[in-house]
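Student: I have a model open and would like to go through it with you. Can we start with some backbone details and work up from there?

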Amino acid sequence: MLMDTIAAISTPLGEGGIAVIRVSGLDAVPSVERIFRSKTKLSNAETHTVHYGYIVEPASAERIEEVLVTLMKAPRSFTMENVVEISCHGGIVSVKKVLDLLLQQPGVRLAEPGEFTKRAFLNGRIDLTQAEAVIDLIRAKSDRAFKVALKQVEGNLSKQIKQLRYVLVELMAHVEVNIDYPEHDVEEMTNALIKGKCEQVGAEIDRLLITAEQGKILREGIETAIVGRPNVGKSSLLNELAQENRAIVTDIPGTTRDVIEEFVNVGGVPLKLLDTAGIRETTDIVEQIGVERSKTALAEADLILLVLNRSEELQLDEIAMMKQLADRQTIVILNKIDLPQRLDVDIVRGYFPKERIVELSLIENKGIEQLEKAISNIFFEGKLESSDLTYVSNIRHISLLKQAKRSLTDALEANEQYVPIDMIQIDIRAAWEYLGEIIGDSVGESLIDQIFTQFCLGK
Ligand code: GDP
Ligand code: ZN
């Protein structure tokens with residue numbers, strides 16, 4: 001497939017210092033060559049080689065930046081097109097200069113977000129789940145989400161989906177063969193087979209859907225409510241977390257920053273703080289949103305930060321609050337430890353284990369690290385750490401999995417009621433097709449025919 005040439009800054013996540021520009025398409029090599037001076041001519045170079053040299057302004061021959069240029073010729077590249085990557089050492093300012101210069105070259109334009117991945121998919125380099133995982137990766141808001149996205153790139157989900165589809169295809173083939181033998185005992189065998197296989201695949205889908213919940217938490221951030229009486233330091237805490245823990249922002253053009261700003265990354269855990277859109281304008285979000293809304297938020301929160309003022313005695317409503325929160329995921333923050341202590345910590349310990357209680361001074365900036373540690377512990381010690389990393393973290397996948405599951409349930413019900421088998425076959429096939437949509441496999445008709453042909457020949 002011939003496509004125009006796109007370029008963008010694509011600095012890998014988690015790698016500071018150097019910045020990389022990726023160029024892909026028909027004119028990738030000649031356009032870079034025009035602005036790059038090195039010992040070997042790029043167009044004569046072997047694929048998968050790295051070249052040291054300078055980016056120069058072609059008209060004036062002025063040196064812009066010292067760079068390393070990597071050449072990956074089609075089809076052995078991520079997009080399966082000619083790809084050139086320019087690594088700049090001079091940080092973001094000079095990388096922008098290089099990109100600008102490149103975009104002035106004929107036939108080169110700025111890539112849209114995810115466009116390299118789209119090309120990789122269109123050119124058959126990766127399947128749909130992998131493509132979507134890369135897009136998630138671009139948007140990944142935490143280290144953890146990054147790893148999940150990465151695993152998916154490696155094709156974990158596709159592999160499992162393919163296995164499930166194989167079970168269904170095999171089942172359909174068996175059923176098809178048995179339809180040709182309308183004797184009673186064969187029919188009974190077929191019903192038993194349908195029951196067994198549909199239940200098996202259904203259970204696997206359920207398992208994937210459970211992990212989807214966790215995937216959702218990772219993608220969207222853990223809903224975190226900060227609660228406590230007036231004046232204990234809630235707003236100060238909110239500001240502290242928002243300031244000190246900027247969400248990871250990639251340098252991919254078009255990444256919407258306003259969305260990311262709703263998130264803070266605390267010790268590798270993405271938190272979605274309440275209504276953070278207003279953090280900068282107002283000093284007090286928690287009071288501002290009103291009692292009713294904070295109650296709902298509290299009910300829905302995945303994590304609660306209860307702030308108490310350690311320099312005052314506990315109030316009755318605070319004790320009531322602790323009772324109410326004892327069985328929720330709560331971290332108790334004893335703030336204002338720079339002032340003399342008047343709060344009886346033993347009462348707090350009666351409700352919460354000590355690893356959930358953190359002493360802080362937001363004014364003197366003390367104890368923030370312990371708070372971060374407590375947050376990351378509460379997160380990573382949960383189920384998330386022990387279960388494998390095949391999270392389904394994509395809304396489209398979740399919905400297709402649910403549809404596949406529903407078709408299997410229909411098949412099972414029809415099977416119970418001894419509906420004619422070719423009717424049941426329709427539901428099984430629908431499930432197979434929904435799963436196929438997840439991995440972008442639309443060969444449907446031909447593949448299934450092929451398998452049937454093979455099977456029938458073999459009998
Ligand atoms: P909120 O009403 O719970 O949101 O509390 P604020 O964050 O608005 O803080 C109330 C007051 O307590 C402000 O004057 C803060 O400067 C002060 N404050 C917050 N944290 C600390 C602390 O650690 N030590 C002391 N001494 N004062 C604090
Ligand atoms: Zn306040």
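**Backbone, sheet and ligand shell**

Tutor: Start at H48, which sits in the loop between β3 and β4. Keep in mind that this is a predicted model.

Student: What is phi of H48 near?

Tutor: Phi of H48 is near 60 degrees, a positive value in a residue other than glycine.

Student: Is H48 buried or exposed?

Tutor: H48 counts as exposed, because it has 11 C-beta neighbours inside 10 Å and the cut-off for exposed is 12 or fewer.

Student: Which other residue has a positive phi although it is not a glycine?

Tutor: M80 does, with a phi of about 70 degrees. M80 belongs to the loop between β5 and β6. M80 is partly exposed, with 19 other C-beta atoms within 10 Å.

Student: Where is P75 found?

Tutor: P75 is also in the loop between β5 and β6. The peptide bond from A74 to P75 is cis, with omega near 0 degrees.

Student: Now the sheet. What is the strand order in the open sheet of 7 strands?

Tutor: The order is β3-β4-β5-β6-β2-β1-β7, with mixed pairing. The edge strands are β3 (36-38) and β7 (108-110), each of which pairs on one side only. On average, neighbouring strands of this sheet are turned by 35 degrees against each other, direction ignored.

Student: What packs on the sheet?

Tutor: Helix α1 (residues 28-35) does, touching β1, β2, β3, β4 (49-57), β5 (62-72), β6 (83-88) and β7. The direction of α1 makes about 30 degrees with that of β6.

Student: How many bridges join β1 to β2?

Tutor: There are 4 bridges between strand β1 (residues 5-9) and strand β2 (residues 19-24), and the two run antiparallel. I6 stands opposite S24 in β2.

Student: What does L102 touch?

Tutor: Leaving out residues up to four places away in sequence, L102 touches A7, I21, V23, S31, I35 and V108. L102 itself lies in helix α2 (residues 91-103).

Student: Why is L102 called buried?

Tutor: L102 has 24 other C-beta atoms within 10 Å, so it is buried; the cut-off is 20 or more.

Student: Different topic. Which strand is joined to β10 by 3 bridges?

Tutor: That is strand β8 (residues 222-227), and β8 and β10 run parallel. T224 stands opposite L273 in β10. Strand β10 (residues 269-273) is mostly covered, with 4 of its 5 residues buried.

Student: And the ligand? Which residues come nearest to ligand 1?

Tutor: G233, K234, S235, S236 and I363 come nearest, out of 16 residues around ligand 1. By class, the shell has 5 nonpolar, 7 polar and 4 charged residues.

Student: Which helix gives the most to that shell?

Tutor: Helix α8 (residues 234-244), with 3 residues. S235 is in helix α8, and S235 is buried, with 20 other C-beta atoms within 10 Å.

Student: Where does UniProt place the feature "binding site"?

Tutor: The UniProt record, an unreviewed entry, places it at S235 and T256.

Student: Last one, for the whole protein. How many helices and strands are there?

Tutor: The protein has 18 helices and 13 strands. Of its 459 residues, 35% are buried. Among contacts between residues at least 6 apart in sequence, 68% join residues at least 24 apart.

Methods
Residues numbered from 1 in each chain as written. Chains lettered and ligands numbered in written order. Predicted model: local features only at pLDDT ≥ 70, side-chain atom pairs only at ≥ 80, totals over all residues. Near = placed C-beta within 6 Å. Nonpolar A, V, L, I, M, F, W, Y, C, P; charged D, E, K, R; others polar. Contact = placed C-beta atoms within 7 Å. UniProt positions renumbered as here; feature names shortened; annotations may be inferred. Pairing = 2+ DSSP bridges. Axes fitted to C-alpha atoms, helices over the stretch in contact; angles between N-to-C directions.
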